[in-house]
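Look over the sequence and the fold before you read on. Then follow the report with the structure in view.

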Amino acid sequence: MSEPTKLTREQLLPLAVAAERRNIAFTDGQCTLLPPLPDCPICGQPSTALRVQPDYSFQFDLVRFAIKPCGHSFTADGEDVFESYNHARQIVASGDTPNSKENEA
Ligand SMILES: [Zn+2]
């Protein structure tokens with residue numbers, strides 16, 4: 001297994017927005033119509049699941065997560081995750097897209 005790739009705040013944002021949209025859809029009971037996750041930032045394959053490994057953050061102040069089905073894994077600073085998620089919530093609340101040129105699905 002290769003070393004996880006460190007993501008920047010900019011790279012985290014589309015993932016955070018997708019996670020937030022899915023949270024909202026799930027809460028609204030639209031479980032069969034979950035918004036899609038973004039493609040893997042490394043290989044560009046569509047991702048079907050994002051698995052977070054939370055204990056990683058206790059040791060290193062890093063969040064580690066993996067994308068399925070390609071299996072690439074990533075780390076991000078806890079602070080960057082927190083800021084991205086805050087930003088994502090604002091974006092979703094205002095109905096914008098994080099990157100209007102590529103996220104008009
Ligand atoms: Zn990948």
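Does R9 count as buried, partly exposed or exposed? R9 counts as partly exposed, because its relative accessibility is 33%. The cut-offs are these: buried means under 20% relative accessible area, exposed means over 50%, and partly exposed is in between (1.4 Å probe, protein chains only).

The model is predicted, so local features need pLDDT of at least 70 and side-chain atom pairs count only at pLDDT 80 or more, while totals for chains, interfaces and linings use all residues. Residues are numbered from 1 along each chain as its sequence is written, and side-chain values use heavy atoms, with hydrogens and water left out.

## The chain

The protein chain has three helices and four strands. From the N terminus on, its elements run β-α-β-α-β-β-α. Helices (H or I, at least four residues) and strands (E, at least two) are DSSP runs, numbered from the N terminus. Of the 105 residues of the protein chain, 30% count as buried.

## Salt bridges

The structure holds three salt bridges. Such a bridge is a side-chain nitrogen of Lys or Arg within 4 Å of a carboxyl oxygen of Asp or Glu. Here are the pairs.

| Pair | N to O distance |
|---|---|
| K6 and D77 | 3.4 Å |
| R9 and E79 | 4.0 Å |
| R9 and D80 | 2.8 Å |

Start with K6 and D77, whose closest N and O atoms are 3.4 Å apart. K6 lies in strand β1 (residues 5–6) and D77 in strand β4, so the pair ties together parts that are 71 residues apart in sequence. K6 is partly exposed, with a relative accessible area of 44%. D77 also counts as partly exposed, at 28%.

Now turn to R9. The side chains of R9 and E79 meet in a salt bridge. This pair links distant parts of the chain: R9 sits in helix α1 and E79 in helix α3, 70 residues apart. Salt bridges that share partners join R9, E79 and D80 into one network.

D80 is buried because its relative accessible area is 14%.

## The zinc site

Which residues hold the protein donors of the zinc ion? They are C40 (SG), C43 (SG), C70 (SG) and H72 (ND1), lying 1.9 to 2.4 Å from the ion. Donors are N, O and S atoms within 2.8 Å of the metal (3.2 Å for Na, K and Ca); water is not among the atoms, so sites may look incomplete.

The angles among the four donor atoms are 105 to 113°, and the site is tetrahedral. Four donors count as tetrahedral if all angles lie between 85 and 135 degrees. The ideal angle for four tetrahedral donors is 109.5 degrees.

In sequence the donor residues are spaced C-x2-C-x26-C-x1-H. C40 counts as buried, at 3% relative accessibility. H72 is partly exposed, at 23%.

## A pocket

About 360 Å³ of space lies in the second largest pocket. On a 1 Å grid over the protein atoms alone, a pocket is an open set of points where a 1.4 Å probe fits, with protein on both sides within 12 Å along at least five of seven lines; lining residues have an atom within 4 Å of a point. Grid points are joined across faces, edges and corners, and a volume is the space filled by probe spheres set on the points.

The second largest pocket is lined by 17 residues, of which L15, A16, A19, L50 and V52 lie nearest its centre. α1, β2, β3 and α3 (78–94) each supply at least two residues of the lining. What is the make-up of this lining? Its residues divide into 13 nonpolar, three polar and one charged. Ala, Val, Leu, Ile, Met, Phe, Trp, Tyr, Cys and Pro count as nonpolar, Asp, Glu, Lys and Arg as charged, and the others, Gly among them, as polar.

How values were computed:
Four donors count as tetrahedral if all angles lie between 85 and 135 degrees; four count as square planar and six as octahedral if opposite donors are over 155 degrees apart and all others between 65 and 115; anything else is irregular.
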